[in-house]
Each structure stands twice: as C-alpha cells, then as structure tokens.
Amino acid sequence: MSDISLPPRDQFLREETIRGGMDLLFFAHTRHLKHADETLAALGLGRAHHRVLYFVARRPGINVSELLAVLDISKQSFGRVCQYLVSKGLMEQQPNERDRRQRLLRLTPEGAELEKTIFDGLHDNIARAYKASGSNAVTGFWTVLQHLMGEDARAHFRFVQGI
C-alpha cells in the first residue's frame, strides 16, 4: 500500500505521534469490526454478544467466572448477554460435574457456525494486513498491544492462548 503514513523517525514519544497512534487504534478497530457489527445487527446481536461467542469458541467449556475475568465485565452484564444467547440457541450452559456450582459454557452448532462466519471475515482482514506489513511489523504490533493491555490482561491473553 503506497499511502501508508509513518511516524517521524525517532520521534515516537512526541504527543502528535502518540495521538496518531490512538487515532490509528480507533479507526482500525471500528473499520475492522464494521462487517462483524453488520452481521450481528441483522440478528439482533451486538459486540457484547460477539465477545462472548468469540471467547467461548476459543475456550469451549470455559466456566462463567473465567469468562467474566477475561472479558472484565460484571456478572449482571454477562447475565443479560448469556440469557439472550441461550434463548437464541447459540450457546448452552452445563453444570460442571466436579463442582455443580460452576456453569460451563459451550457454543451450540448454530452458535459455532455464526462465530466462524464472523471470524472468517475478521481473519481475512487481519491476514491481509499481516501479509502487507511483514513479520517484523506483526511482531511489533503484538508487542505494542501487549504493553498497552497491562499485566492483568496479558495473563488473560495467555490463558486464552493456552499458554
């Protein structure tokens, strides 16, 4: 891509470069999720539903407490989203056989199909950007994002990654 803007060399800590990075995060985030948002809206779902579908797909059998920690949301917020996904036949809850107080979450075949459809579009967009940017840029991108999220979120990232 020939119209890629780059920060001034060796001036990455200046206010304008930092603001530019924040602008980039905003525009990349909203445009990257635009198609997913449209797909979800057509089904009466939003980003909160998508986040739950995504992480339950990443960790089938995740318990509610683990998911609340990963998403950094309250039980009350999750309850509404969970109830809606279950009522639409996209997700199911089962008691943990070892600890009946815990509820384990899994996507139904319909939920898995929806999550995969949304993921495929996001995958293609990320893959295109990774390919255009190259390995060193992808490594830098991962590094910057992990420093932005802080240690608590990095622990959740490692959990989701299975590390």
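This is a predicted model: local features need pLDDT of at least 70, side-chain atom pairs count only at pLDDT 80 or more; totals for chains, interfaces and linings use all residues.
Tyr54 is partly exposed, with a relative accessible area of 27%; partly exposed lies between buried (under 20% relative accessible area) and exposed (over 50%), computed with a 1.4 Å probe and protein chains only. Residues are numbered from 1 along each chain as its sequence is written, and side-chain values use heavy atoms, with hydrogens and water left out.

The ring of Tyr54 is paired with that of Phe55: the centres are 5.0 Å apart and the planes stand at 85 degrees, so the pair is edge-to-face. Rings of Phe, Tyr and Trp (its six-membered ring) pair if their centres lie within 6.5 Å, and planes under 30 degrees apart count as stacked, over 60 as edge-to-face and the rest as tilted. The structure holds four aromatic pairs. Among them is that of Phe26 and Phe27, edge-to-face because the planes are at 75 degrees, with ring centres 5.2 Å apart. Phe26 is partly exposed at a relative accessible area of 49%, and Phe27 is partly exposed at 44%.

Helices (H or I, at least four residues) and strands (E, at least two) are DSSP runs, numbered from the N terminus. Axes are lines fitted to C-alpha atoms, for helices over the stretch in contact, and angles run from 0 to 180 degrees between N-to-C directions. Helix α1 (residues 15-42) and helix α5 (residues 109-133) have axes that come within 9 Å and cross at roughly 160 degrees. This angle makes α1 roughly antiparallel to α5; angles under 35 degrees count as roughly parallel, over 145 as roughly antiparallel, 65 to 115 as roughly perpendicular and the rest as oblique. The crossing of α1 and α5 is right-handed. A crossing is right-handed if the near helix is turned clockwise from the far one by less than a right angle, and left-handed if anticlockwise. His32, Leu33, Ala36, Thr39 and Leu40 of α1 make the contact with Leu114, Ile118, Leu122, Asn125 and Ile126 of α5, contact meaning heavy atoms within 4.5 Å. By class, seven residues of this α1 and α5 contact are nonpolar, three polar and none charged. Ala, Val, Leu, Ile, Met, Phe, Trp, Tyr, Cys and Pro count as nonpolar, Asp, Glu, Lys and Arg as charged, and the others, Gly among them, as polar.

Helix α2 (residues 47-58) packs with α4 at an angle of about 75 degrees, the axes being 10 Å apart. The two helices α2 and α4 are therefore roughly perpendicular to each other. Ala48, His49, Val52 and Leu53 of α2 meet Phe78, Val81, Tyr84 and Leu85 of α4 in the contact, which comprises seven nonpolar, one polar and no charged residues.

The axes of helix α3 (residues 64-71) and helix α6 (residues 135-161) come within 9 Å, crossing at roughly 130 degrees, which makes α3 oblique to α6. The crossing of α3 and α6 is left-handed. On α3 the contact is made by Glu66, Ala69 and Val70, and on α6 by His156, Phe159 and Val160. Four nonpolar, one polar and one charged residues make up the contact of α3 with α6.

Asp72 lies in the loop between α3 and α4 (75-87). Its phi is near 55 degrees, a positive value in a residue other than glycine, and Asp72 counts as exposed at 69% relative accessibility. Asp10, in the segment before α1, has a positive phi of about 60 degrees although it is not a glycine. At 68% relative accessibility, Asp10 counts as exposed.
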